[in-house]
Amino acid sequence: MNKLNIVSKSIVKKHSKKDGLRVCVMRRIKPEYKFDMWIPKLAPSKNLLDKYIVSKSITWREFSIKFKKQVLSKNKDLLVLLLTIAKFKPITLLCFELDDVYCHRSLIIEECKKLQS
């Protein structure tokens, strides 16, 4: 199995040549954000994000389950696209969260690893 050529980074962190193709996976963007490709279909819905971030009415585990069902299961073609591009160039997934431990970027990478194997 090849090493997954997809990593994660906060969009507010400094750009690096090591980033390769910078793919924003946020629903909303600001003009100051710098990225090469925007895939909002890989972002959580506003409703799901509000429940997890704003009202804190669901846990990370609940968010993960809902995100996988609502977003990842319906967008396998986009994950395959990322994997295809990653064969030729490193990809960095971008979102606002500083750490990806409790960010949907980690779930996208996890799903890509499953598809790759």
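The legends below describe close-up views of a predicted model. Local features require pLDDT of at least 70 and side-chain atom pairs pLDDT 80 or more, whereas totals for chains, interfaces and linings use all residues. Residues are numbered from 1 along each chain as its sequence is written, and side-chain values use heavy atoms, with hydrogens and water left out.

**View 1. The open sheet of 4 strands, in the order β1-β4-β2-β3.** The pairing is parallel; two strands count as paired if DSSP finds at least two bridges between them. Helices (H or I, at least four residues) and strands (E, at least two) are DSSP runs, numbered from the N terminus. Strands of a sheet pair through backbone hydrogen bonds, either parallel or antiparallel.

**View 2. Bridges between β4 and its partners β1 and β2.** β1 is joined to β4 by 5 bridges, and Ile 6 stands opposite Ile 91 of β4. Between β2 and β4 (residues 91-95) there are 4 bridges. Ile 91 is also the bridge partner of Leu 21, while Val 23 stands opposite Leu 93 and Cys 24 has Leu 94 as its bridge partner.

**View 3. The pairing of β2 with β3.** These strands are parallel and share 2 bridges. Val 23 stands opposite Met 37 in β3.

**View 4. Covered faces of β4 and β2.** In β4, 5 of 5 residues are buried, where buried means under 20% relative accessible area, exposed over 50% and partly exposed in between (1.4 Å probe, protein chains only). Ile 91, Leu 93 and Cys 95 lie on one side of β4, with Thr 92 and Leu 94 on the other. In β2, Leu 21 and Val 23 are buried on one side, and Arg 22 and Cys 24 are buried on the other. In a regular strand the side chains alternate between the two faces of the sheet.

**View 5. Helices α3 and α4 across the sheet.** Helix α3 (residues 76-86) lies across β1, β2, β3 and β4 and runs at about 135° to β4. Helix α4 (residues 104-116) lies across β1 and β4, at about 180° to β1. Axes are lines fitted to C-alpha atoms, for helices over the stretch in contact (heavy atoms within 4.5 Å); angles run from 0 to 180 degrees between N-to-C directions. Thr 84 belongs to α3 and counts as partly exposed because its relative accessibility is 36%. Its C-alpha atom is separated by 15 Å from that of Met 37, 47 residues apart along the chain.

**View 6. Buried residues of helix α2 (residues 60-72).** Trp 60, Phe 63, Ser 64, Phe 67, Val 71 and Leu 72 are buried. The elements covering the buried residues of α2 include α1 (46-54), α3 and α4.

**View 7. Lys 56 in the loop between α1 and α2.** Lys 56 has a positive phi of about 55°, although it is not a glycine. Lys 56 counts as exposed because its relative accessibility is 63%.
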